[in-house]
Every structure is written in C-alpha cells, then in structure tokens.
Amino acid sequence: MVVKQVTARRVWTTSLLSFSAMVAAIAFLPLFGSAHIDYSRAIAGQSPDAEILFGVRLPRVLLAALTGGALAAAGVLFQALLRETLATPYTLGVSSGASLGAVIAICLGGGRVWPASLLGAGLTLLLVMAIASESRRLSSFTLLMAGITLNSICMALILFFQNFAGFGQSFAIVRWLMGGIDAVPYGTLAWLSAVVLPSVIYLFWKSREWNLLSMGEDWAATRGVSTSTLILTGYLIGSLLTGAVTALTGPIGFVGLIVPHALRLSIGADHRLLIPSSFFLGAAFLTICDTLARTILAPAEIPVGVITAILGGPFFIWMLRSRSKLH
Amino acid sequence: MIFRLQNVGMHYGPIEVLRGVTLSFDRSELAAIIGPNGAGKSTLLSIMAGMLPQHTGECRLDGKPLAKWPRKLFAQSVSVVPQLQSVEFPFSAEQVVLMGRMPFSDGMFESASDEAAVTHAMEITDTLQFRHRDFRTLSGGERQRVIVASALAQSPKALLLDEPTTFLDLEHQVSLYRLLRSLCGDGLLAISVTHDINLAAAYADRIIMLHNGTIVADGKPHEVIHNASIRKVFSTDVEIQQSQSGRPWIHYGG
C-alpha cells in the first residue's frame with residue numbers, strides 16, 4: 001500500500017471536496033420528505049413550503065450535520081488518544097452518563113431530558129477525570145480503565161431505572177437510547193455550533209500532535225509533546241463534542257467508527273487530512289442516514305441509530321476482516 | 001559533558017531495579033550498556049530519556065536536571081530508538097520519520113529543511129526505497145531502520161538506543177554500528193543497550209556492564225569483557241579471544 005505525502009495543497013483539496021459533499025447534503029436533502037416542497041416557494045416565504053423547510057427540515061438537517069461531524073471528529077480523536085482503531089466517541093463513558101441523565105429525567109417526568117442528559121455527561125466526565133488523575137501522570141491507559149468502568153456502571157444504572165419504569169417510560173427510554181434527530185430551535189443549533197466548531201478547529205490545529213500520540217505516549221513524549229496535557233485536553237474536547245450532541249440526539253452508533261475508518265483507508269492516517277474530512281463527511285453521512293430514516297417508511301420514521309447501525313454493522317465486519325488479513 | 005548521572009536509583013513498587021548508578025557521558029562517544037535480562041539497562045535508558053521522572057538521585061543534561069528541561073527543547077537534544085514500536089494506523093515510513101522533526105517546528109506543515117533532514121536520515125539508514133510504504137507492512141528489520149531514521153531526523157546531540165539490532169539482519173546490524181561510529185566521529189553521543197556483546201565490543205568506545213541494578217564494570221571493551229566478568233554477570237563460561245584490532249571477541253564454543 002502506497003501512502004502519499006501530506007502537503008498543504010492535499011489538505012486543502014481533500015477538505016474542500018468533503019466540505020462540498022457536506023454542503024450538497026445540507027442543501028438538497030431538505031427537499032426529500034413525506035410532503036413535496038419547492039425551494040423557490042419556500043424562499044419566497046409561501047406557505048406551507050417555508051414552514052416545512054425552515055421550521056422542520058432545515059433545523060433537523062443542520063442538527064444531523066453538526067451531530068455527524070462532531071461524532072466523526074470525536075471518533076478520530078479517541079482512536080488516536082487510545083491508540084485503538086475500534087475506539088468510538090462512546091468508549092470513555094460520556095455518552096452513557098448522558099444516557100443515564102436522560103433516563104432519570106424520563107423516569108422523573110417533566111420533559112427536561114436534554115439538560116439532564118448534559119448534566120449526566122458532565123458529571124461522568126468529572127468522575128472519569130477524578131479517577132484517572134489518581135496517578136501522577138494522566139495516561140491513555142488510566143483514562144481507558146476509568147472510562148470503561150464508568151461506562152459499565154452507567155449502563156447498569158440505566159437497566160436498573162428501566163426495570164422499575166412504567167410501560168410508557170420504558171418505551172421512551174428505549175426510543176431515546178436508539179438515538180434520533182428531531183427539529184430543534186435555531187437557538188439550540190447556535191449554542192451547539194458554538195461548542196462543536198471551535199472544538200473541531202482546535203483538534204485540527206493539534207493534528208500533528210495527534211499523529212505522534214497515535215504512535216504511543218513515549219513516542220510522542222520523546223519528540224517533544226507534553227503528553228499528559230495533550231491527553232487531558234483531548235479527553236475534555238472529545239467529551240464536550242460527544243456530550244453536547246448526545247444530550248440532544250441520544251447515542252447514535254457507528255458514525256464515529258465508520259467515517260474515520262473509511263477515510264483512513266482512502267487518505268491515510270495523518271490527522272491534518274483526517275480531522276477536517278471526518279467532520280465534513282461525518283456531517284454528510286448522518287444527514288443522509290437521517291433522510292433515509294424519515295423517508296424509507298414515510299410517514300413513519302425509523303430511529304436514525306437503526307439506519308447507521310444497519311449500514312455500519314456490515315462495514316464493521318468487513319473492516320475487522322481486512323484488518324486481520326493485514327496483520 | 002552531556003549526561004551526568006549521580007547516584008541514580010529506581011523502584012517499581014517494592015522492587016529495586018536500579019541503585020547507586022553514577023555515570024557521565026561526553027560527546028563523540030559510542031557507549032554500549034550490556035547485562036543480563038532484568039539488569040536495569042532499559043530502565044537506565046528510560047531515565048536518561050526523561051521518561052521516568054520518579055527515579056531517585058540526579059540526572060543532568062548539559063548541567064541542567066532533566067525535570068527542568070521543557071519537553072520540546074529536550075527533544076531537540078536527545079532522541080530515542082525504542083525497543084519495539086507497534087503502529088496501529090496506516091502511516092507511511094516517511095511520515096514516521098517526519099515525526100522526528102516535530103521538536104523543530106510549530107506550524108501545521110514541515111519545512112524544506114525538515115524534508116531535507118528526513119531524506120538524509122532515510123538515505124543513511126537505507127530506508128529511502130520504501131518511503132511511501134505503509135509502515136505496518138514492512139518487515140521487523142525494515143521497521144527498525146525506519147525508527148532509527150526517525151530518531152536521526154531529530155538531529156540529536158545524544159541518541160539513546162534500546163536493543164536497536166534485535167530485528168536486523170547481519171548486514172544491517174553491522175551497517176548500523178558503522179553508521180553510529182561515523183556519527184560519533186562528528187560529535188554525536190550514542191548510548192546503546194544491547195545483548196550482542198560481540199557487536200558492542202567491536203564498535204563501542206566504552207562498555208558499561210550492569211548486574212542486578214548496579215554497575216559492575218565500566219571501561220574500554222577489553223577492560224570490561226573478560227572471563228571473570230562474563231562468568232559473574234551471565235553465569236556462563238565462554239572463551240574470549242582477541243580480534244586483530246585488539247578488541248575482545250566471545251567464542252561461544254560447541
């Protein structure tokens with residue numbers, strides 16, 4: 001396998017291509033749905049096209065794009081951080097914490113699901129940090145152990161609450177855990193963008209350091225990287241990305257695994273290429289999956305997590321097989 | 001003096017792996033650290049690489065304690081060839097070598113001088129021909145040479161190598177030590193942990209013999225490699241001959 005050299009021109013070209021794919025997805029996918037709409041009528045403010053486009057489909061497509069981009073970028077980050085190609089944004093427990101928060105809110109009633117989910121994600125993050133920082137030097141290994149432990153505890157607590165939930169609540173819990181995209185107010189999209197976009201820019205800025213860290217902590221340290229600080233900031237940023245989107249959409253599997261892997265196979269492992277491309281194509285991928293989710297059985301909707309898993313499962317098996325052939 | 005170690009010790013939990021090590025190393029020196037498994041060789045190298053700050057005693061680079069060195073500045077002076085480097089992701093051999101230039105740049109991309117340093121490092125380690133190959137598809141020996149190239153691309157004053165010849169064939173074992181010999185002639189300090197005593201005796205200026213975490217011998221090859229020291233440290237009787245250049249040569253016998 002020949003791996004091409006990374007140049008500024010190559011980074012610009014791949015980023016521009018993947019950016020175009022994202023823009024095309026955001027521009028055209030709102031046209032698809034159970035009701036036909038016309039862009040010119042919607043832009044002219046004519047009813048009901050304008051209400052459907054700007055009130056329902058566009059915010060939903062934008063949420064799918066932000067979520068897909070954030071999960072794909074977080075996937076790239078956690079795979080580098082843990083030196084594990086099978087790591088996902090959910091490996092270190094933040095999404096389980098978010099899910100636990102949501103499940104508790106559903107059980108208590110009152111409808112405040114996403115703030116509770118965000119709180120759950122934040123508390124899990126703090127707990128993992130506190131456990132992992134027990135040793136003097138924060139390492140990927142301690143982070144992984146703490147994350148996996150918290151993950152298991154949160155999953156057990158979710159089952160505990162679900163066991164005592166009523167029928168309606170239990171259905172709501174299962175539905176939330178499947179993951180799904182809904183239209184949200186533009187204000188929510190604005191704060192989500194304010195979290196996601198600077199985080200991804202930061203990850204891109206640190207690309208060369210992720211390259212070194214993905215070779216190993218000692219490798220990075222002997223080449224001048226302050227690994228402890230980098231792991232800490234990486235974990236915080238990755239958790240922020242994962243927690244913020246999971247609070248709004250629930251856990252959506254496979255995006256953080258499929259997109260980085262497909263890209264690594266085609267453009268290599270350099271994070272200067274991977275991070276922007278993963279973000280843009282992750283956005284495009286989830287937008288397409290969500291469009292399928294709301295159109296295949298229209299007017300009924302399939303949870304988008306089901307679509308990503310159906311597409312992601314076979315891909316995952318193929319990836320494992322090709323990986324075992326390589327090694 | 002580049003490195004100075006004063007009464008250095010190290011514990012892994014209750015186990016003492018190194019104690020009372022006092023050493024100094026200077027420029028233009030090729031030193032080999034030998035000793036049986038578990039003698040503390042790799043631990044000593046890791047301490048000098050700044051990877052085990054919890055050690056006791058004092059380790060200084062250019063007169064300054066290692067803990068006081070900013071990581072990046074330290075990496076501009078000292079580079080490390082680890083014992084084993086597994087790679088999970090599809091980096092090319094050239095990308096792996098380019099990582100050695102990280103201590104010298106702040107930008108997103110490598111400069112022309114970085115590219116030149118990488119090409120030179122790959123030329124002298126005979127790795128240029130597979131610069132675009134996926135590192136994971138290279139043989140053990142080819143990988144090891146790429147790792148050496150990455151460490152050399154760091155343009156170090158001191159190069160620390162942990163069993164660098166383990167995966168190398170005979171030709172590349174000899175050419176690596178010849179390369180180190182030549183670089184030391186230009187001012188490099190190279191310290192190599194090795195189990196190949198004959199290779200060390202043939203090329204090193206100095207051999208340090210470790211046993212149970214302490215230094216049992218330190219000097220020129222013929223001062224360190226003799227029947228008594230080998231029997232004491234390795235619990236093995238061997239025949240020691242002299243090469244034409246006067247360096248000791250272990251004959252393992254039948």
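This is a predicted model: local features need pLDDT of at least 70, side-chain atom pairs count only at pLDDT 80 or more; totals for chains, interfaces and linings use all residues.
Student: In which hand does α3(A) pass α13(A), and what kinds of residues make the contact?

Tutor: The crossing of α3(A) past α13(A) is right-handed. The residues of the contact between α3(A) and α13(A) comprise 16 nonpolar, seven polar and two charged.

Student: Which peptide bond next to A:P48 deserves a look, and where is A:P48?

Tutor: Most peptide bonds are trans. The bond that joins A:S47 and A:P48 is cis, with omega at about 5°. A:P48 sits in the loop between α2 (39-43) and α3 of chain A.

Student: How do I read the sheet that contains β6 and β10 of chain B?

Tutor: Strands of a sheet pair through backbone hydrogen bonds, either parallel or antiparallel. Here six strands of chain B form an open sheet with mixed pairing, in the order β6-β7-β8-β3-β9-β10. β6 (78-81) and β10 (214-219) of chain B are at the edges; each has a single partner strand, so one side of each lacks a neighbour in the sheet. Ignoring direction, neighbouring strands of this sheet are turned by 15° against each other on average.

Student: In what sense do β9 and β10 of chain B pair, and what stands opposite B:M209?

Tutor: Strand β9 (residues 206-211) of chain B pairs with β10(B) in the antiparallel sense, over five bridges. Opposite B:M209 is B:A217 in β10(B).

Student: Which strands of the sheet does α5(B) touch?

Tutor: α5(B) packs on the sheet through contacts with β6 and β7 of chain B. The direction of α5(B) makes about 175° with that of β6(B).

Student: What is the order of the four strands in the open sheet with β1 of chain B?

Tutor: In this sheet of chain B the order is β2-β1-β4-β5, and the pairing is antiparallel. The edge strands are β2 (15-25) and β5 (64-65) of chain B; each has a single partner strand, so one side of each has no neighbour in the sheet. Strand β4 (residues 56-61) of chain B and β5(B) are joined by two bridges, in the antiparallel sense. B:R60 has B:P65 in β5(B) as its bridge partner.

Student: How many residues lie between the strands in the hairpin of β11(B) and β12(B)?

Tutor: That hairpin has five residues between its strands, and B:G246 in the hairpin takes a positive phi near 90°. Strands β11 (residues 239-242) and β12 (residues 248-251) of chain B pair in the antiparallel sense over four bridges. One of the paired positions is B:E239, whose bridge partner in β12(B) is B:H251.

Student: Which value does phi take in B:D126, and where is that residue?

Tutor: Most residues other than glycine have a negative phi. B:D126 has phi near 60°, a positive value in a residue other than glycine. B:D126 lies in the loop between α4 (112-124) and α5 (140-152) of chain B. It counts as partly exposed because it has 16 C-beta neighbours inside 10 Å.

Student: What about phi of B:E163?

Tutor: B:E163 is not a glycine, yet its phi is positive at about 50°. B:E163 is in the loop between β7 (158-162) and α6 (170-185) of chain B. With 19 other C-beta atoms within 10 Å, B:E163 is partly exposed.

How values were computed: Residues are numbered from 1 along each chain as its sequence is written. Chains are lettered from A and ligands numbered from 1 in the order in which they are written. A crossing is left-handed if the near helix is turned anticlockwise from the far one by less than a right angle, and right-handed if clockwise. Ala, Val, Leu, Ile, Met, Phe, Trp, Tyr, Cys and Pro count as nonpolar, Asp, Glu, Lys and Arg as charged, and the others, Gly among them, as polar. A residue is buried if 20 or more other C-beta atoms lie within 10 Å of its own, exposed if 12 or fewer, and partly exposed in between; C-beta atoms are placed from the backbone. Two strands pair if DSSP finds at least two bridges between them. Axes are lines fitted to C-alpha atoms, for helices over the stretch in contact, and angles run from 0 to 180 degrees between N-to-C directions. Two residues are in contact if their C-beta atoms, placed from the backbone, lie within 7 Å.
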